[in-house]
Amino acid sequence: MATLPSVAGIGLRAPHVARVQADRPQLGWLEVHSENYFVDGGSALAALEALRTVYPISLHGVGLSLGSADALDGAHLKQLRQLAERIEPALISEHLCWGRIDGRHLNDLLPLPFTPEALALCCERIDAVQNALGRRVLVENISSYLRFESDVMTEWDFVASVVERTGCGLLFDVNNVYVNATNHGFDPHAYLEAMPGPAIAEIHLAGFDARGPCLIDTHNARVAPPVWALYRAAIERFGEKPTLIEWDADLPELEVLLDEAAIAQSILEEAHAVAL
Ligand SMILES: [Fe+2]
């Protein structure tokens with residue numbers, strides 16, 4: 001099983017697969033959405049099986065609904081386990097959110113109330129997922145546009161508690177921290193200070209939409225300057241971490257993603273030079 005190097009990678013999306021296969025750009029690793037490969041065969045899976053011999057792969061899930069009160073979806077979990085056996089990913093991650101209720105699946109990463117009950121529920125389900133997969137998973141902090149009156153702890157204490165109680169890893173999305181800090185009016189550096197640095201096994205960076213009354217985490221733009229600044233602060237605090245450029249909508253040419261990855265790589269290298 002490959003490990004992820006502490007360098008920059010990109011989220012691989014279908015329109016870029018052929019180019020990446022042909023050109024093999026200088027990238028430390030690739031991340032794909034697990035659910036896109038819940039198939040028994042076909043060209044997409046064949047391409048991923050070829051690419052896994054060139055790049056370490058991180059499997060990133062969007063549909064397990066870790067925070068739902070519904071029972072865990074056993075069929076989904078089985079497909080994830082089968083994909084993991086086939087691809088042997090360096091990491092497997094999911095979002096700290098919910099998206100399933102009364103058997104209906106919603107295509108959104110919905111926020112959780114930050115309560116002891118929600119914390120216990122998430123931890124129980126993360127334990128179950130880690131047991132079913134026989135390995136540690138990472139959970140990712142999400143972006144949100146509302147908070148609950150029932151919240152009794154901060155988001156950063158909730159996230160840190162999940163990691164502490166389950167021993168899971170953390171996929172720390174720096175853009176999501178910035179989006180939430182802006183939308184909910186908190187200091188993003190307070191969030192950083194509460195994170196368990198050694199548990200952070202991957203970082204995400206993406207672009208948001210700032211045209212409305214709040215920031216929307218659209219993954220359709222370059223990383224914003226204040227998010228680069230927060231990322232630099234995170235790397236200075238936690239050390240070099242595998243860092244992913246996520247781009248999901250209005251997908252540009254591959255060169256744009258490679259350019260964003262090169263910026264992340266230069267920040268990682270600057271931090272490394274300072275640390276020496
Ligand atoms: Fe993310």
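Reply: Two strands pair if DSSP finds at least two bridges between them. Helices (H or I, at least four residues) and strands (E, at least two) are DSSP runs, numbered from the N terminus. This is a predicted model, in which local features need pLDDT of at least 70 and side-chain atom pairs count only at pLDDT 80 or more, while totals for chains, interfaces and linings use all residues. Residues are numbered from 1 along each chain as its sequence is written, and side-chain values use heavy atoms, with hydrogens and water left out.

Me: Then how many bridges hold β9 and β10 together?
Reply: Three bridges pair β9 with strand β10 (residues 243–245), and the sense is parallel. Within that pairing, I203 stands opposite T243 in β10.

Me: And which strand is joined to β9 by four bridges?
Reply: That is strand β8 (residues 169–173), and β8 and β9 run parallel. Here L171 faces E202 in β9, the two standing opposite each other.

Me: How many residues of β9 are buried?
Reply: Six of the six residues of β9 (200–205) are buried, so the strand is mostly covered. Buried means under 20% relative accessible area, exposed over 50% and partly exposed in between, with a 1.4 Å probe and protein chains only.

Me: What does F172 touch?
Reply: Not counting residues up to four places away in sequence, F172 touches N141, V177, Y191, L192, M195, I200, E202, I203, H204 and F238. Contact means heavy atoms within 4.5 Å.

Me: Turning to aromatics, how many pairs are there?
Reply: Rings of Phe, Tyr and Trp (its six-membered ring) pair if their centres lie within 6.5 Å; planes under 30 degrees apart count as stacked, over 60 as edge-to-face and the rest as tilted. By this rule there are eight aromatic pairs. One of them is formed by W156 and Y191, 5.8 Å centre to centre with 50 degrees between the planes, a tilted arrangement.

Me: Where in the chain do W156 and Y191 sit?
Reply: W156 belongs to helix α5 (residues 155–166) and Y191 to helix α7 (residues 188–194). The pair links distant parts of the chain, 35 residues apart. Both W156 and Y191 are buried.

Me: Why is the pair of F186 and Y191 called tilted?
Reply: Their ring planes stand at 40 degrees with centres 6.0 Å apart, so the pair is tilted. F186 is buried, as is Y191. Ring pairs join W156, F172, F186, Y191 and F238 into a cluster.

Me: New topic: which residues of α1 are buried, and which are exposed?
Reply: In helix α1 (residues 14–23), H16, V17 and V20 are buried. They lie on the same side of α1 because they cover an arc of only 125 degrees around the axis, the arc being that of the directions from the helix axis to the C-beta atoms. P15, A18 and A22 are exposed on the other side of α1.

Me: What covers the buried residues of α1, and what comes just after the helix?
Reply: The cover includes β2 (30–33), α2 (43–51) and α9 (254–275). Just after α1, R24 adopts a positive phi of about 45 degrees.

Me: Finally, where is R100, and what does it touch?
Reply: R100 is in strand β5 (residues 98–101). R100 touches S65, S68, D70, D73 and H105, leaving aside residues up to four places away in sequence. From R100 to S68 the C-alpha to C-alpha distance is 5.9 Å, although 32 residues separate them in sequence.
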